[in-house]
Amino acid sequence: MAMKRRSKQPERSFPFLRINERESKPRKHGLTEIRGPYYSIVGRRYLEDLFETMGAYVDSLKFAGGSFALMPQQAVRDIIELCHKRDVLVSTGGFIERVLVQGGDAVRHYVAECKKLGFDIIEISAGFVSISTDDWLRLIELVRKSGLKAKPEVGIQFGAGGATAAAELKAEGTRDPSWAIAEAKRFLDAGADIIMIESEGITENVDQWRTDVPAKFVDEIGMDKLMFEAADPDVFEWYIKNYGADANLFVDHSQIVQLECLRAGIWGTKSLWGRVVTYKE
């Protein structure tokens with residue numbers, strides 16, 4: 001895998017000011033994954049600036065919407081190589097569900113190509129397609145045998161993942177959270193490294209947040225094996241407020257500074273000002 005050594009945290013400015021200190025990478029707690037190219041262009045030069053200023057706080061970068069399939073191969077390689085230099089893992093995002101409809105040969109070719117290009121993580125989602133749990137398990141096994149990390153995305157909303165209007169999602173209905181939790185447990189038992197919790201149906205495109213759903217996941221599985229999609233400041237503020245600075249979160253690349261200020265306890269909204277604290281041995 002790309003990251004085997006423990007990186008040294010660079011000395012920050014104003015070191016005399018007390019903050020909630022972060023573990024050095026590779027971390028096990030308080031993971032932050034940022035969205036790469038999708039809603040805006042994120043290329044090598046942009047990432048160089050981002051990593052120069054905030055790279056110590058980024059654990060992984062996730063391509064979205066299959067954006068890598070539109071980019072020149074060398075541009076994809078350049079982004080992946082830069083991420084690895086900064087001890088940042090690279091995820092495909094959930095594009096495999098688009099590949100699934102092209103058949104098994106396409107899936108195997110896709111996984112092999114991801115390995116060849118240097119990806120570290122293949123996210124396995126099924127927001128728009130219906131596959132059995134056994135099929136999920138076979139995909140996890142394929143990814144792991146290829147030497148990559150499998151990261152299933154689990155949620156309660158069918159049709160999630162494509163910025164679908166709230167009314168359309170509401171018409172689709174939602175799954176029982178207990179079913180999603182049971183699936184997540186099977187995926188972890190099969191060797192998945194961590195579970196991504198899809199926000200749609202919980203905090204995104206809903207009339208009222210289903211805060212009971214993440215609570216059930218945390219109660220049944222624990223924080224360390226869960227990453228919550230929180231690509232909106234109100235959402236990641238809620239997770240930090242309710243689950244602490246070490247919650248594993250997926251945010252947009254544009255929000256990394258705001259999120260890290262919350263984790264560090266140096267800034268925040270009125271309800272969080274001065275209240276995000278940690279205790280480390």
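This report covers a cavity, a strand with its partners, and a helix in a predicted model.

## The cavity

A search of the whole structure finds 1 cavity of 30 Å³ or more. The space in the largest cavity comes to about 60 Å³.

Residues from several parts of the sequence line the largest cavity: Asn20, Glu21, Arg22, Glu23, His29, Ala245, Asp246, Arg263, Thr278 and Lys280. By class, the lining holds 6 charged, 3 polar and 1 nonpolar residues.

Strand E1 spans residues 32–35 and is covered on both faces. Thr32 and Ile34 are buried on one side, and Glu33 and Arg35 are buried on the other.

E1 pairs with two strands described here. With strand E8 (residues 249–252), E1 runs parallel and is joined by 4 bridges. Within that pairing, isoleucine 34 has valine 251 of E8 as its bridge partner. With strand E2 (residues 60–62), E1 pairs over 3 bridges, also in the parallel sense. Here arginine 35 has lysine 62 of E2 as its bridge partner.

Helix H1 (residues 44–54) belongs with E1 and E2 to a β-α-β unit, and that unit is right-handed.

## Helix H10

Helix H10 covers residues 256–264, and its buried residues are Ile256, Leu259, Glu260, Leu262, Arg263 and Ala264.

Just after H10 comes glycine 265, with a positive phi of about 80°.

## Glutamate 260

Is glutamate 260 buried or exposed? Glutamate 260, which is found in helix H10, counts as buried because its relative accessible area is 4%, and the cut-off for buried is under 20%.

Leaving aside residues up to four places away in sequence, glutamate 260 touches Arg22, Thr32, Met54 and Tyr57. Met54 falls at the end of the range given for H1, residues 44–54.

A distance gives the wider setting. From C-alpha to C-alpha, glutamate 260 and valine 101 are 38 Å apart in space, and they are 159 residues apart in sequence.

Key: Residues are numbered from 1 along each chain as its sequence is written. This is a predicted model: local features need pLDDT of at least 70, side-chain atom pairs count only at pLDDT 80 or more; totals for chains, interfaces and linings use all residues. Side-chain values use heavy atoms; hydrogens and water are left out. On a 1 Å grid over the protein atoms alone, a cavity is a set of points where a 1.4 Å probe fits but cannot get out, and a pocket is an open set with protein on both sides within 12 Å along at least five of seven lines; lining residues have an atom within 4 Å of a point. Grid points are joined across faces, edges and corners, and a volume is the space filled by probe spheres set on the points. Ala, Val, Leu, Ile, Met, Phe, Trp, Tyr, Cys and Pro count as nonpolar, Asp, Glu, Lys and Arg as charged, and the others, Gly among them, as polar. Buried means under 20% relative accessible area, exposed over 50%, partly exposed in between (1.4 Å probe, protein chains only). Two strands pair if DSSP finds at least two bridges between them. A crossover is right-handed if, with the strands pointing away from the viewer, the path from the first strand over the helix to the second runs clockwise. Contact means heavy atoms within 4.5 Å.
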